[in-house]
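These are my notebook entries on one protein chain. I set down what I looked up, entry by entry.

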Amino acid sequence: MKVAILDDYFDTVRSLDAFSRMRGHEVTAWTDHIQDTDVLAERLRDADALVLIRERTQIRAPLLERLPRLKLISQRSVYPHIDVEACTRLGIVVSSDLHMGSPSYAAAELTWALVLAAVRDIPRQVASLTAGRWQTAIGTTLVGKTLGIFGYGRISKVVAGYGTAFGMRILVWAREPSRERARADGYATAASKAAFFAESDVLTLHMRLVDATRGIVTAADLARMKPTALFVNTSRAGLVEPGALVAALESGRPGMAAVDVFESEPVLDPHHPLLGLPNVVATPHLGYVTRDEWEIHFAGIFDQINAFAAGSPINVVNPEVLAHRRA
C-alpha cells in the first residue's frame with residue numbers, strides 16, 4: 001500500500017523501532033504542517049492509507065472527496081478532526097485505537113513538569129541566570145496544598161498518584177460515576193463545581209473534548225480561583241470558554257496558568273495572547289511527544305494498516321463502511 005504520514009515535524013517516525021512494521025509498504029512522510037485543501041489533495045492523491053498524528057491536520061469532506069484512491073485513515077486516540085460521516089459515505093475506513101486500557105504516562109509527566117515549572121517560576125529564573133542575573137522571584141511549595149483534578153480517567157489517576165507523592169491533598173470534580181471511582185480510590189471529591197474551583201491551589205484538566213465538555217470551564221469558574229492558584233491545561237484548549245483564560249489571568253484569578261494546548265495549532269505567532277502574559281508557562285503540545293510514547297502510538301497505527309491490508313480491519317470507528325469499503 002502507498003502510505004502517507006502527515007505532520008511528522010522532525011521526521012521521527014522512520015527512526016522508530018515500530019517503523020519496521022511498514023516493511024513492504026511505500027511510505028511518504030511530510031514534515032511540515034499544511035491545512036490548505038489544494039496542497040493536501042495533490043500530496044495525497046496516490047495514497048491508499050493516511051496516517052494522522054493526533055489532531056494536527058483537519059480531514060474534512062472537501063479534501064476527502066478529492067482522494068479517490070484513499071481507503072484507510074489510521075491513527076490513535078479521538079478523532080474530532082476527521083469527518084467520519086464523509087469517510088463512511090465515500091467508503092473510507094477510519095481505524096483508531098482509543099487505548100482505553102493504557103494511560104499516557106507522557107501526558108501525566110508533562111502535567112507535572114508544567115506544575116513544577118510554574119510554581120517555582122523556572123522559565124524566568126533560567127532566563128535571568130542566562131542573562132547574567134541571579135534570583136528574580138520566590139516560588140511556592142506544593143506539600144500540603146490542594147491539587148484539583150477535573151475529570152477522573154486514566155491520566156487523572158496517574159496525575160493524582162504523583163500529587164500524593166508530593167504530599168498534596170487530592171480533590172476531584174467530574175461526572176458522578178467518575179467521582180465514585182475517585183472516592184473508591186481514596187480521593188476526596190468536591191461538594192460542587194464552584195467549591196472545586198475555589199478550593200484548588202493547583203487545578204488541572206483531564207478530559208476528552210466532546211460536545212458536552214466544550215467550554216465546560218467558564219469565566220465564572222476561573223473567577224472563583226485563588227489569586228495564588230495555578231490553572232493547568234494539558235488536555236484540550238476547547239475545554240475552556242473562548243477568551244476566558246486570558247481575561248482571568250489579566251484580572252488576577254487565577255494567578256498563574258500552565259498550558260500545553262491551544263485553540264488553533266501549531267501556534268507560530270509570538271504575539272499570541274497567552275504567550276505575552278508573564279504569569280503563563282506554555283509549551284507547544286508536548287504531552288504525548290516522547291519517543292517511548294510514539295513507539296506505542298505508531299505500533300498500533302501500523303498494526304491497523306497491516307490488518308486492513310490483510311483484509312481484516314481492526315479498531316474501526318465507522319463499522320457501517322465495511323459493507324461498501326473501497327477495495
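I began with a term: a crossover is called right-handed if, with the strands pointing away from the viewer, the path from the first strand over the helix to the second runs clockwise. Helices (H or I, at least four residues) and strands (E, at least two) are DSSP runs, numbered from the N terminus. With these terms I recorded that β4, helix α3 (residues 84-90) and β5 make a right-handed β-α-β unit.

I noted how the model is to be read. The model is predicted, and local features need pLDDT of at least 70, side-chain atom pairs count only at pLDDT 80 or more, while totals for chains, interfaces and linings use all residues. Residues are numbered from 1 along each chain as its sequence is written, and side-chain values use heavy atoms, with hydrogens and water left out.

**Entry: the sheet**

I looked up the strand order. The model has an open sheet of five strands in the order β2-β1-β3-β4-β5, with parallel pairing; two strands pair if DSSP finds at least two bridges between them. Because β2 (26-29) and β5 stand at the edges with a single partner strand each, one side of each is left without a neighbour in the sheet. On average, and with direction ignored, neighbouring strands are turned by 20 degrees against each other. For such angles, axes are lines fitted to C-alpha atoms, for helices over the stretch in contact, and angles run from 0 to 180 degrees between N-to-C directions.

I then listed the pairings. Strand β1 (residues 2-5) pairs with β2 in the parallel sense over four bridges, and K2 has E26 as its bridge partner in β2. Helix α11 packs on this sheet and touches β1, β3, β4 and β5; contact means heavy atoms within 4.5 Å. The direction of α11 makes about 155 degrees with that of β4.

**Entry: strand β4**

Is β4 (residues 72-76) buried or exposed? I found that five of its five residues are buried, where buried means under 20% relative accessible area, exposed over 50%, and partly exposed in between (1.4 Å probe, protein chains only). L72, S74 and R76 point one way from β4, I73 and Q75 point the other way, and all are buried.

I looked at both neighbours of β4. Strand β3 (residues 49-51) runs parallel to β4 and is joined to β4 by three bridges; V51 has S74 as its bridge partner. Strand β5 (residues 93-97) pairs with β4 in the parallel sense over five bridges, and there L72 has V93 as its bridge partner.

**Entry: A29**

I found A29 in strand β2. A29 counts as buried because its relative accessibility is 16%. A29 and I5 are 24 residues apart in sequence, yet 4.5 Å apart in space, C-alpha to C-alpha. Leaving out residues up to four places away in sequence, A29 touches I5, D8, D11 and R14.

**Entry: N318**

I located N318 in the segment after α11 (291-309). N318 is buried, with a relative accessible area of 0%. What does the side chain of N318 reach? I recorded the backbone oxygen of I92, at 3.0 Å. This is a polar contact, that is, a pair of N or O atoms within 3.5 Å; within protein, one must be able to donate a hydrogen and the other to accept it, and residues adjacent in sequence count only if both atoms are side-chain atoms. Not counting residues up to four places away in sequence, N318 touches V84, C87, T88, I92, V93 and V94.

**Entry: salt bridges**

I took a salt bridge to be a side-chain nitrogen of Lys or Arg within 4 Å of a carboxyl oxygen of Asp or Glu. By this rule the count comes to 18 salt bridges.

One of them joins R236 and E55, whose closest N and O atoms are 2.5 Å apart. This pair links distant parts of the chain, 181 residues apart: R236 is in the loop between β10 (230-233) and α10 (244-251), and E55 in the loop between β3 and α2 (61-64). R236 counts as buried at 15% relative accessibility, whereas E55 counts as partly exposed at 22%.

I also noted that D185 and K157 meet in a salt bridge (3.5 Å, N to O). D185 lies in the loop between α7 (176-184) and β8 (188-189) and K157 in helix α6 (residues 154-165), so the pair ties together parts that are 28 residues apart in sequence.
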